[in-house]
Amino acid sequence: MALEDAKTQVDQAFTRTKAKGLSYENAFGGATSFLRRTYTKDLAGFDLAVTGVPFDQAVTNRTGTRLGPRAIREASTLQPYDPPYGWGFDPLGEFAVADYGDLAFDYAKVAEFPETLTSHIRGILNQGAGSVTLGGDHYISFPILKAYAEKYGPMSLIHFDAHSDTWRDDDMARIDHGTMFYKAIKLGLIDPARSVQIGIRTVNEDGAFGMNIIDAPTVHEIGPKAVAAQVKEIVGDFPAYLSFDIDCLDPAFAPGTGTPVWGGLSSAQAAAILRGIAGVNLMGGDIVEVSPPFDTTGATAIAGAHVAMEIIALWCWSRRQTD
């Protein structure tokens, strides 16, 4: 069936007739929506929306993540032929996932960006869908969390990163990809006692502000299975948001990022942890800091596309269990 479909399927981003199901369009051609899902702003009948936020004006080192959503979509064309390995079910066959397209914003009016993004995510949530966001630098998680906290109250944050991003910054108008989770804690958007940071390997003398930390050396020492068990114990059944900074992975696996740090997780460790936390009450998530100009082989975008698929599978898992 797949080979027969491949002969006729093209531009599935626009020509799909069903919201659910795998896609067999040639990986090397066609319009590059995420996983060949339908491009639409009308989410009636859809469960989950993937959206891109091409913003990188909050970075402290290398730019380029504004090109991340496009690269992740392109890399995702390798994936829609089969269910994700290791999950035992087909998220794309059981749930309707849309590509909501990118956020529109005025790049020259940076101060307006946060509320523009919050309104964008609010629009998705108000249509009854969850969101998975392709970044973009990591600051984007802060405006997104505002929309989620409006709907669900303080969130449990499951945060994969080399950096804690809780450096002290009491100027809420500053737009910085290293301080936004400090601000999220101060504003009550996340519950630090029910939140966990995984893969940390940089010093932050400002402190953790109540966040639970499983740093990279600990991941290497105790292994993914034990890490996943700790995450599930910390988060419990609280509504959770998952944010994955691609620099959580070691630069050997994800060189295309703005602030790489050695000693990080392998792709295999990250995949095992993500699958091991199946059952958390996940409301949404993002994959950020993929920077194509420094991703000469495309490996970082491929990793980002797989992380996004894992977030989708996590989101679908708990709903599949209860529906």
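Reply: The account may begin with histidine 163, which touches Ile200, Thr202, Asp247, Thr259 and Val261, leaving out residues up to four places away in sequence; contact here means heavy atoms within 4.5 Å. The model is a predicted one, in which local features need pLDDT of at least 70 and side-chain atom pairs count only at pLDDT 80 or more, while totals for chains, interfaces and linings use all residues. Residues are numbered from 1 along each chain as its sequence is written, and side-chain values use heavy atoms, with hydrogens and water left out.

Histidine 163 lies in the loop between β5 and α7; helices (H or I, at least four residues) and strands (E, at least two) are DSSP runs, numbered from the N terminus. Histidine 163 counts as buried because its relative accessibility is 12%; buried means under 20% relative accessible area, exposed over 50%, and partly exposed in between, with a 1.4 Å probe and protein chains only. One of the residues it touches, Asp247, also makes a polar contact of 3.3 Å with histidine 163, side chain to side chain. A polar contact is a pair of N or O atoms within 3.5 Å; within protein, one must be able to donate a hydrogen and the other to accept it, and residues adjacent in sequence count only if both atoms are side-chain atoms. Threonine 202 is 39 residues from histidine 163 in sequence, yet their C-alpha atoms are 5.6 Å apart in space.

Histidine 177 is likewise placed in the loop between β5 (156-160) and α7 (180-186). With a relative accessibility of 7%, histidine 177 counts as buried. Its side chain forms a polar contact of 2.9 Å with the side chain of threonine 60. Beyond four places in sequence, histidine 177 touches Ala58, Val59, Thr60, Asp137, His138, Tyr139, Asp165 and Glu289.

Histidine 138 counts as buried, at 0% relative accessibility. The side chains of histidine 138 and aspartate 165 are joined by a polar contact of 3.2 Å. Setting aside neighbours within four places in sequence, the residues in contact with histidine 138 include His159, Asp161, Asp165, His177, Ser243, Asp245, Asp286 and Glu289.

Helix α7 also holds tyrosine 182, whose partner phenylalanine 209 sits in the loop between β6 (196-198) and β7 (212-214), 27 residues apart. Rings of Phe, Tyr and Trp (its six-membered ring) pair if their centres lie within 6.5 Å; planes under 30 degrees apart count as stacked, over 60 as edge-to-face and the rest as tilted. By this rule the count comes to 14 aromatic pairs. Tyrosine 182 and phenylalanine 209 are edge-to-face, with 4.9 Å from centre to centre and 65° between the planes. Tyrosine 182 is buried, with a relative accessible area of 1%, whereas phenylalanine 209 counts as partly exposed at 26% relative accessibility. Elsewhere, ring pairs link Phe55, Phe105 and Phe113 into a cluster.
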